[in-house]
There are 2 protein chains.
Amino acid sequence: MSDADKGPARGRPRTMNAEQVLDVAMTAYWQSDPADVSVNAICQMAGISKPSLYRAFGSEDGLSRAALDRYAERVLSEMFVILHGGQGLRQTLDALVDFALDDPRMETGCLFYKMRSGKHRLGPDTRARVDEIEAAAQAAYATFLQSARDAGDWPGELSVEAGAKYLGEQIALAITQRASGEDPARIREMLTLALSVFTRP
Amino acid sequence: MSDADKGPARGRPRTMNAEQVLDVAMTAYWQSDPADVSVNAICQMAGISKPSLYRAFGSEDGLSRAALDRYAERVLSEMFVILHGGQGLRQTLDALVDFALDDPRMETGCLFYKMRSGKHRLGPDTRARVDEIEAAAQAAYATFLQSARDAGDWPGELSVEAGAKYLGEQIALAITQRASGEDPARIREMLTLALSVFTRP
DNA sequence: TCATTTATGTACTATCCGGTATTTTATATC
DNA sequence: GATATAAAATACCGGATAGTACATAAATGA
């Protein structure tokens, strides 16, 4: 076992559970908006004091960066699983649509998209992580589309990179609209229309 | 002439030009983001004191509402002119694309879209105005698409309302991406792809 | 000249923010 | 029990925010 999980031998034993605090922060950032959640509010919600939080995470930037890390490994990873699942074009697109429109966790939006749209308000570390995830997502979309093209499923004249960007943005748009309370049936209609460019001759 | 433009007969003459202050506010909100521009900053940029601003506009909500009004009549009106121009489907779509991607004023984004995406941070009056404009835009898109359908230019099976929403959101997406520094050629590629659903059998 | 009226800017309030200095508390070691 | 260590919370700091009380300046009318 690592030595990070065994407390120090001496001194007052810590009562703060950093994992639980991170859960609180991630959820709060996610349900409302990173720019609208203060460290004070997170401390209050987690039942800890501000210095405890700062000792664990260093700064607000450190906290939001850690919350985004957690979100990536807990939630976004599922999207990457879908993309790398090796299913066909239509099946994968359907799975993406389901994830965006039916997964109850996306009901209040996507933390990554919220951070990306307010990127200028983030600290440098969190912003850098947003850029990393953005690049990874773009690469995953491109790999998926490339394999679809290799399989002859997607004969369009569009470049794989442009298609990847387009696909990612349409998914983001749908999730954001869903979070803003738009009619789900209408969103599905629009997303299906947008993605029809991949499945039409 | 109205009596709003002649100053009061007595008392110290006003030196503040509310129109110019409104220009400053609109530009500042537009160039950066409504949530990132304080009334203090606007006063400083306009060279006036805070009480002067509050006497003229009542509150921050009043100011941002007035700035949005001005934006609607100075900028958004041009989009409505395009939509009601009575040109054919492809010509109008091309004009919309040009407006979104080539008009230099859209280079830093659209104030309306910025306010809409941060609606929860606005005061009640400004928020209500955002909703009004949203409805008017939706109606204008729908009218345009209905006339295209009547002319037989757009035989798709999609409802006019869904198409209107889709069209509006794709334009908004393109403008927002342009403001975020995305490669213009790539944006044009994506927007053209998105709108191809209107001009394809 | 002097009162009235209205706009002006200075200076202030109360509140929130991110971040921290300081004290107190709870443990292990001696 | 005494001491060292580390985590805890209280209470604070400086700065920014939206909004305002108040004194003053500049005009008109008498």
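Of the atoms of DNA strand D that lie within 4 Å of the protein, 71% belong to sugar or phosphate, and the rest belong to bases. This is a predicted model, in which local features need pLDDT of at least 70 and side-chain atom pairs count only at pLDDT 80 or more, while totals for chains, interfaces and linings use all residues. Residues are numbered from 1 along each chain as its sequence is written, chains are lettered from A and ligands numbered from 1 in the order in which they are written, and side-chain values use heavy atoms, with hydrogens and water left out.

A residue is taken as near a strand if one of its heavy atoms lies within 4 Å of it. There are 23 residues around DNA strand D, and those that come nearest are A:M16, A:S49, A:R55, B:K50 and B:E60. By class, this surface has 7 nonpolar, 8 polar and 8 charged residues, where Ala, Val, Leu, Ile, Met, Phe, Trp, Tyr, Cys and Pro count as nonpolar, Asp, Glu, Lys and Arg as charged, and the others, Gly among them, as polar. At least two residues of the surface are supplied by each of helix 3 (50–57) of chain A, helix 2 (39–46) of chain B and helix 3 (50–57) of chain B; helices here are DSSP runs of H or I with at least four residues, strands are runs of E with at least two, and both are numbered from the N terminus.

| Residue | Protein atom | Atom of DNA strand D | Distance |
|---|---|---|---|
| A:R12 | backbone N or O | sugar or linking oxygen | 3.3 Å |
| A:R14 | polar side-chain atom | phosphate oxygen | 3.4 Å |
| A:S49 | polar side-chain atom | phosphate oxygen | 2.7 Å |

Chain A has 9 helices and 0 strands, and its C-alpha atoms fill a box of roughly 70 × 40 × 30 Å along the principal axes. Of the 201 residues in chain A, 47% are buried, buried meaning under 20% relative accessible area, exposed over 50%, and partly exposed in between (1.4 Å probe, protein chains only). Among the contacts in chain A with a separation of 6 or more, 68% are between residues 24 or more positions apart, a contact being heavy atoms within 4.5 Å. Chain A exposes about 10,100 Å², of which carbon and sulfur atoms supply 51%; accessible areas come from the Shrake-Rupley method with a 1.4 Å probe, and for residues only the protein chains shown count as cover.

Chain B can be laid on chain A with an RMSD of 0.1 Å by a turn of 179° and a shift of 0.0 Å along the axis. The two copies are thus related as by a two-fold rotation axis; the superposition is by least squares on the C-alpha atoms of residues with pLDDT of at least 70 in both. The residue of chain B that comes closest to the rotation axis is B:A194, with its C-alpha at 3.0 Å. Since 96% of the interface residues of chain B are also interface residues in chain A, the copies meet through the same surface.

## Individual residues

In helix 4 of chain A lies A:R70, a buried residue with a relative accessible area of 4%. Its side chain makes a polar contact of 2.8 Å with the side chain of A:D23, a residue of helix 1 (residues 18–31) of chain A that is partly exposed at 30%. Not counting residues up to four places away in sequence, A:R70 touches A:E19, A:L22, A:D23 and A:M26, whereas A:D23 touches A:R70 and A:R74. Also in helix 4 (residues 60–83) is A:E73, which counts as exposed at 54% relative accessibility.

In chain B, B:S159 lies in the loop between helix 7 (124–150) and helix 8 (160–179) and is partly exposed, with a relative accessible area of 27%. Leaving aside neighbours within four places in sequence, B:S159 is in contact with A:E189, B:R149 and B:W154. B:S196, in the segment after helix 9 (184–195) of chain B, counts as buried at 14% relative accessibility, and its side chain reaches the backbone oxygen of B:L193 at 2.6 Å.

Conventions: Polar contact = N/O pair within 3.5 Å; in protein donor to acceptor, adjacent residues only side chain to side chain.
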